[in-house]
Structures are given as C-alpha cells and as structure tokens.
Amino acid sequence: MATPDGPTAPPPARDQLAALPHDGGDWPSPWRVAVGALDARARPAAVLMLFGVLDGAPSGHAARAVARDLDVLLLARATTLGHHPGQVAFPGGRVDPADDDAVDAALREAVEETGLDRTGVEVLGTLGELPVPVSNHLVTPVLGWWARPTPVRVVDDAESAHVFRVPVADLLDPGRRRTVTVRQGRRVHKSPGFLVHADGRDHLVWGFTGGLLDALFDRLGWTEPWDRARTVDAPL
C-alpha cells in the first residue's frame, strides 16, 4: 500500500508476528523436513519462538523486512543427548501432565533451559502442530515477544551447550543461507539451513529448527532470495 508521500512502512515486527496465529495460513504439507512418520505413541511437545529487541550488537546485514536489532532466542543442545545432539534448537520440550497446555510447557522448558524470567514474555499465540518423527513428537510452536528481556545462560550442561540470541537480519542474509544435506545410504534428505555466529561461536541451524525458521519467514514475507544450490553436509 502506498500514500501520496511514498510507500507505507510495514507494521512493526511484533505486530506481524502477532498476526500469524490468526492469518489463516498453514505450514507446507507434507512438512518437508520431517524424515519418516509418527506412530500412535507420538507425544505432544512445544517450542518457544521468542523474538525481541537485541541488547547487543545489531546485525551487519540491512534486511529489507526487519530492523537490524530484532533477534530470536536459540540454544545449542548438548552433544551427549540421545536425540538431536549438538543441534541448534528453540527452547522447548515435551508437554508434561502438570503443564496447563503447550504454552505453559514451552515457557516452563525455556525457564529450565535458559533461566529467562517468563513474566517478561508476552505470548502472541500458537501455530499449527508439526511432526518430528525421529523423536516421535508432535510439536506446537509458541510465538512470544520478549517485552522485558532478562539475562539467559546455560542452566544445565547436560541439556545445553550454548544459549544465545541471534539477529533475525543475520538469518535473512542470503550469504548465510545454505541447503543442508543428510546422507543415509543412497537416500539424501535436505533442509533449509542458516550459518550463525554468536558469542564467538559458529553454529549451523538446520533440521526441524531450520525448517521452522524458513517456513516462518516465508509466511511473514521476510525471506530474501537465496541460492539453494549452495549446500553443506549436516554435522552428524
């Protein structure tokens, strides 16, 4: 939409995120990063997709859709875990019987994994459930806005190796985008990937988390054209 004075600026990132639970859109079906299928024993889980205003150095990439200081909270899982060892993920985990719902589970897990103060998180809503066959979970993404950010850290070394915030503009930077390949015999699985750098460490975001970020950015209209022919092998 434009005005006589020029193009109208897009709504703030928080408002765009808040509209997603009500936009009528859905994830691509079938979910393209799911390898295998869930069985009847699939368990509910939830992840917290927590966005906010970065309190550190902003991105060096001038993204067309978001401010350079918009960020998202991620963590690198411990390499000793049985499922997804060493992978970058959103805070989250299985929905326990004591949890009120998926939102409560995502916030509880975020506190346990990162030490954040959940009272500073504004829950914007939930998005459609997605399958993770490798661990037999059906995951509900919970969108949050970090209205009052608090320090985060690794709470349990047995669970996480690094807790960090990454500028969203870095994730949108076409130069940091990759197609990640997983080779299993003659079969090759591919997923969207992101190269990130935080606190002096380099990470590759791929698998479920990479696919979720990629699909979310597509739904928001934030994705910038990138070369999907640029590949990297999954760090297995």
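**Figure 1. Arg-14 and Glu-122 form a salt bridge, with the closest N and O atoms 2.6 Å apart.** A salt bridge here is a side-chain nitrogen of Lys or Arg within 4 Å of a carboxyl oxygen of Asp or Glu. The two partners sit in distant parts of the chain, 108 residues apart. Arg-14 belongs to helix α1 (residues 13-19), and Glu-122 belongs to strand β7 (residues 121-126). Helices (H or I, at least four residues) and strands (E, at least two) are DSSP runs, numbered from the N terminus. Arg-14 is partly exposed, with a relative accessible area of 27%. Glu-122 is also partly exposed, at 28%. Buried means under 20% relative accessible area, exposed over 50%, and partly exposed in between (1.4 Å probe, protein chains only).

This is a predicted model: local features need pLDDT of at least 70, side-chain atom pairs count only at pLDDT 80 or more, and totals for chains, interfaces and linings use all residues. Residues are numbered from 1 along each chain as its sequence is written, and side-chain values use heavy atoms, with hydrogens and water left out.

**Figure 2. Arg-108 and Asp-96 meet in a salt bridge through their side chains (3.3 Å, N to O).** Arg-108 lies in helix α2 (residues 102-114). Asp-96 lies in the loop between β6 (92-94) and α2, 12 residues apart from Arg-108. Arg-108 is buried, with a relative accessible area of 16%. Asp-96 is partly exposed, at 33%. A network of salt bridges links Asp-96, Asp-99, Arg-108, Glu-109 and Glu-112.

**Figure 3. Arg-118 forms a salt bridge with Asp-104, the closest N and O atoms being 2.9 Å apart.** Asp-104 is in helix α2, and Arg-118 is in the loop between α2 and β7. They are 14 residues apart. Which partner is buried? Asp-104 is, with a relative accessible area of 15%. Arg-118 counts as partly exposed, at 33% relative accessibility. The count of salt bridges comes to 14. Side chains of opposite charge can pair when their charged atoms come close.

**Figure 4. The largest nonpolar core has 44 residues.** A nonpolar core is a set of buried Ala, Val, Leu, Ile, Met, Phe, Trp, Tyr and Cys residues joined through side-chain atoms within 4.5 Å. Phe-51, Val-66, Leu-143, Val-168, Leu-216, Phe-217 and Trp-222 touch the most other members. Helix α4 (residues 207-220) gives the most to this core, with 7 residues. Apart from this core lies another, of 16 residues, including Ala-105, Ala-110, Val-142 and Val-163.

**Figure 5. Leu-143 has contacts beyond its neighbours within four places in sequence.** Contact means heavy atoms within 4.5 Å. Among its partners are Leu-17, Leu-20, Pro-21, Met-49 and Phe-51. Leu-143 is also in contact with Glu-122, the salt-bridge partner of Arg-14. Leu-216 is another of its partners.

**Figure 6. Four strands make an open sheet in the order β13-β12-β11-β14.** The pairing is mixed. Two strands pair if DSSP finds at least two bridges between them. The edge strands, β13 (201-205) and β14 (231-233), each pair on one side only. The twist averages 40 degrees from one strand to the next. Strands β11 (residues 177-184) and β12 (residues 187-198) run antiparallel and are joined by 8 bridges. Gln-184 has Arg-187 in β12 as its bridge partner.

**Figure 7. Helix α4 lies across β11, β12 and β13.** The helix runs at about 80 degrees to β12. Axes are lines fitted to C-alpha atoms, for helices over the stretch in contact, and angles run from 0 to 180 degrees between N-to-C directions.
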